[in-house]
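Subject: Structure handover

Hello,

Here is the structure you were waiting for. Please open it first, then read my notes below.

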Amino acid sequence: MHSHAPAPTEEEIRGVVAPLASLEGPLLPMLHALQETWGFVPQAAVPVLADILNLGRAEVHGVISFYHDFRDHPAGRHVLKICRAEACQSMGANALAESTLQKLGIGWHGTTSNGALTVEPVYCLGMCACAPAAMVDGKVVGRVDDARMDRILAEVGA
C-alpha cells in the first residue's frame with residue numbers, strides 16, 4: 001500500500017477555511033478549498049465547518065454527499081471519469097463503464113487496491129459528437145471503446 005500523508009489537524013483545517021467565512025454562502029467555497037488542499041474533504045472538517053458556520057454536522061455532511069465532486073478520502077494517483085450523459089449512453093457508455101468497473105473490481109467513486117486509479121461518473125464532457133467520452137487526469141478522450149479503455153488502464157497502471 002502507498003502511504004498517505006497524516007490526516008490534517010483541526011488547526012490546519014481552520015487555517016484553510018477561516019478566511020472564507022465572510023463570503024456569502026461560504027460552505028461550498030470552503031469544501032472546494034479543502035479538497036484543493038488535500039485532494040479530499042477530511043472527515044475532521046465536518047465538525048469544524050459546522051462550528052464555524054453554525055450548522056448541524058448532518059447538514060454539512062449532507063452537502064458533502066450531495067455534490068459528487070467532493071471525496072471523503074484521497075483519490076487514486078489518477079482519476080478516470082466516464083461520461084454518463086445521454087449521447088454517450090446511446091453510444092455504449094453504460095456497457096463500457098460496467099466492463100471497466102468489473103475489470104478493476106471497484107464501483108463508482110472507488111479506487112483500485114493499488115491506489116493507481118479512481119473511477120467517477122461525469123455528466124457530459126461536451127464531447128457528444130465523439131461519444132462515448134471519458135476524461136483521464138483532466139484530459140478528454142473521445143470514441144472510447146474497450147480497446148482504448150484497456151490502453152488507458154494500462155497507461156495509468158490500474
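Glutamate 86 is part of helix 5, which covers residues 86-90. Its relative accessibility is 70%, so glutamate 86 counts as exposed. Cysteine 128 is 42 residues away from glutamate 86 in sequence. In space, their C-alpha atoms are 8.8 Å apart.

Please keep in mind that this is a predicted model.

The overall picture

The protein chain has seven helices and four strands. In sequence order the pattern runs α-α-α-α-β-α-α-β-β-β-α. The C-alpha trace spans about 50 × 35 × 25 Å along its principal axes. Of the 158 residues in the protein chain, 39% are buried.

Take the contacts between residues at least 6 apart in sequence. Of these, 59% join residues at least 24 apart. The protein chain exposes about 8,700 Å², and 54% of that area comes from carbon and sulfur atoms. As for charge, there are 11 positive and 17 negative charges in the protein chain. Their mean positions lie 8 Å apart.

Helix 2

Helix 2 takes in residues 27-38, twelve in number. From first C-alpha to last it reaches 17 Å, close to the 16 Å expected at 1.5 Å a residue. Which residues of helix 2 are buried? They are Leu27, Met30, Leu31, Ala33, Leu34 and Gln35. What do these buried residues pack against? Their partners are helix 1 (10-17), helix 3 (45-53) and helix 4 (57-66). Just after helix 2 comes glycine 39, with a positive phi of about 85 degrees.

Histidine 73

Histidine 73 sits in the loop that runs between helix 4 and strand 1 (78-83). Its relative accessible area is 37%, so histidine 73 is partly exposed. The side chain of histidine 73 makes a polar contact with the side chain of aspartate 72, at 2.5 Å. Leaving out residues up to four places away in sequence, histidine 73 touches Phe40 and His109. Proline 42 is 31 residues from histidine 73 in sequence. C-alpha to C-alpha, histidine 73 and proline 42 are 6.8 Å apart.

Threonine 112

This one is worth a look on screen. Threonine 112 belongs to the loop between helix 6 (93-104) and strand 2 (117-122). Is threonine 112 buried or exposed? It counts as buried, because its relative accessibility is 7% and the cut-off for buried is under 20%.

Two polar partners stand out in the list. The side chain of threonine 112 makes a polar contact with the side chain of asparagine 114 at 2.7 Å. The side chain of threonine 112 also reaches the backbone nitrogen of alanine 116, at 3.2 Å. Beyond residues up to four places away in sequence, threonine 112 touches Leu104, Ile106, Leu117 and Ala158.

Backbone points to check

The loop between strand 2 and strand 3 (134-136) holds proline 132. What kind of peptide bond joins alanine 131 and proline 132? The bond is cis, with omega about -10 degrees.

Cysteine 124 is also found in the loop between strand 2 and strand 3. Its phi is near 80 degrees, a positive value in a residue other than glycine. Cysteine 124 has a relative accessible area of 38%, so it is partly exposed.

Arginine 143 lies in another loop, the one between strand 4 (139-141) and helix 7 (146-156). Phi of arginine 143 is positive, about 50 degrees, although the residue is not a glycine. Why does arginine 143 count as exposed? Its relative accessibility is 53%, and exposed means over 50%.

For the backbone, go to the cis bond between alanine 131 and proline 132, then to the positive phi of cysteine 124 and of arginine 143.

Best wishes

Definitions and conventions
Residues are numbered from 1 along each chain as its sequence is written. Side-chain values use heavy atoms; hydrogens and water are left out. Helices (H or I, at least four residues) and strands (E, at least two) are DSSP runs, numbered from the N terminus. Buried means under 20% relative accessible area, exposed over 50%, partly exposed in between (1.4 Å probe, protein chains only). Contact means heavy atoms within 4.5 Å. Accessible areas come from the Shrake-Rupley method with a 1.4 Å probe; for residues, only the protein chains shown count as cover. Lys and Arg count as positive and Asp and Glu as negative; His and the chain ends are not counted. The place of a charge is taken as NZ of Lys, CZ of Arg, CG of Asp or CD of Glu. A polar contact is a pair of N or O atoms within 3.5 Å; within protein, one must be able to donate a hydrogen and the other to accept it, and residues adjacent in sequence count only if both atoms are side-chain atoms. The expected span of a helix is 1.5 Å times one less than its number of residues.
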